[in-house]
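Please have the structure open as you read.

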Amino acid sequence: LFGRLADVAGWRERTIAPTLQSLSALKARLAEDDPRLGDALCGKGVRAALDKAIVVGDALLEGVAEVAFMPPMSGG
Amino acid sequence: MDVRLQAEPFEPGALLSAFCAGRAETGAVVSFTGIARAETGAVTFLELEAYPGFTDAEIARIARAAAERFGVNDILIVHRIGKIAPSEAIVFVATASAHRRAAFEAADHLMDYLKSRAPFWKKEHGPDGARWIEPTEQDLADAARWG
């Protein structure tokens with residue numbers, strides 16, 4: 001989790017057992033554990049990257065080691 | 001071409017000297033240094049977060065595209081991450097080309113990209129607490145100039 005998403009969740013990085021099949025299932029799981037984070041992940045401009053590649057929409061997590069959720073980028 | 005993200009402060013003059021050294025076919029070097037502002041005491045420090053392996057790759061991709069678009073033969077981008085105090089340099093961009101116009105335009109374009117769309121998350125810490133910063137309307141308008 002980056003930026004304000006990490007502030008909302010109170011954590012930055014977490015290891016999750018690789019049983020979830022898709023990005024949408026992962027988001028649903030995170031939302032179940034923490035509804036505020038769930039809302040934040042659905043916020044405007046939040047993007048996901050699988051192993052450092054941006055994905056649009058849903059995606060399968062098979063073979064993916066790292067999922068990143070990124071709020072709108074601020075520039076430097 | 002070189003893109004560096006670093007937590008340590010850097011000295012822009014030293015970067016520029018090193019970048020200029022040993023260039024027989026470069027007629028022009030343009031550099032830009034961005035410095036963290038105190039905003040008359042409203043900012044005690046900035047905190048800049050990057051995604052290592054993603055942020056640097058994305059900046060390198062834009063730099064390669066700029067090199068091709070403007071016809072520059074070398075680019076150096078150094079960007080601070082982590083905590084940055086007012087008056088410290090936060091970003092350094094240098095471009096090298098055979099003639100000056102390409103170097104000016106590439107540096108201008110790269111700074112507009114870095115200020116508006118580069119994958120950083122910026123937090124301003126001040127006496128009244130901290131807040132996340134998003135690009136200003138001016139930053140977005142500057143970036144839109146390049147199509």
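What follows covers the interface and then the aromatic pairs of this predicted model.

## The interface

Chain A brings 17 residues to the contact and chain B brings 22 residues. Between them, about 1,600 Å² is buried, with carbon and sulfur atoms giving 58% of that area. On the side of chain A, the residues that lose the most area to chain B are A:K52, A:S74 and A:G76, which together make up 39% of what that side buries.

## Polar links and contributing elements

The interface of chain A and chain B holds two salt bridges and 10 residue pairs in polar contact. One of the salt bridges joins A:R12 to B:E49, with the closest N and O atoms 2.2 Å apart.

In chain A, α1 (3–9) and β3 (67–70) each supply at least two residues to the side that touches chain B. The most comes from α1(A), with three residues. By type, this side of chain A has eight nonpolar, four polar and five charged residues.

## Aromatic rings

Over all chains there are four aromatic pairs. The ring centres of A:F2 and B:Y51 are 4.7 Å apart and their planes stand at 45°, so this pair is tilted. The pair crosses between chains: A:F2 sits in the segment before α1 of chain A, and B:Y51 in the loop between β3 (45–50) and α2 (55–70) of chain B. A:F2 is buried, at 10% relative accessible area, and B:Y51 is buried at 5%. Together with B:F54 and B:W121, A:F2 and B:Y51 form one aromatic cluster.

Another pair, B:F70 and B:W146, is edge-to-face, with 5.7 Å from centre to centre and 85° between the planes. Because B:F70 lies in helix α2 of chain B and B:W146 in the segment after α4 (137–144), the pair ties together parts 76 residues apart in sequence. Both B:F70 and B:W146 are buried.

Key. Residues are numbered from 1 along each chain as its sequence is written. Chains are lettered from A and ligands numbered from 1 in the order in which they are written. This is a predicted model: local features need pLDDT of at least 70, side-chain atom pairs count only at pLDDT 80 or more; totals for chains, interfaces and linings use all residues. Side-chain values use heavy atoms; hydrogens and water are left out. Contact means heavy atoms within 4.5 Å. Buried area is the accessible area (1.4 Å probe) that two parts lose on being put together, summed over both. A salt bridge is a side-chain nitrogen of Lys or Arg within 4 Å of a carboxyl oxygen of Asp or Glu. A polar contact is a pair of N or O atoms within 3.5 Å; within protein, one must be able to donate a hydrogen and the other to accept it, and residues adjacent in sequence count only if both atoms are side-chain atoms. Helices (H or I, at least four residues) and strands (E, at least two) are DSSP runs, numbered from the N terminus. Ala, Val, Leu, Ile, Met, Phe, Trp, Tyr, Cys and Pro count as nonpolar, Asp, Glu, Lys and Arg as charged, and the others, Gly among them, as polar. Rings of Phe, Tyr and Trp (its six-membered ring) pair if their centres lie within 6.5 Å; planes under 30 degrees apart count as stacked, over 60 as edge-to-face and the rest as tilted. Buried means under 20% relative accessible area, exposed over 50%, partly exposed in between (1.4 Å probe, protein chains only).
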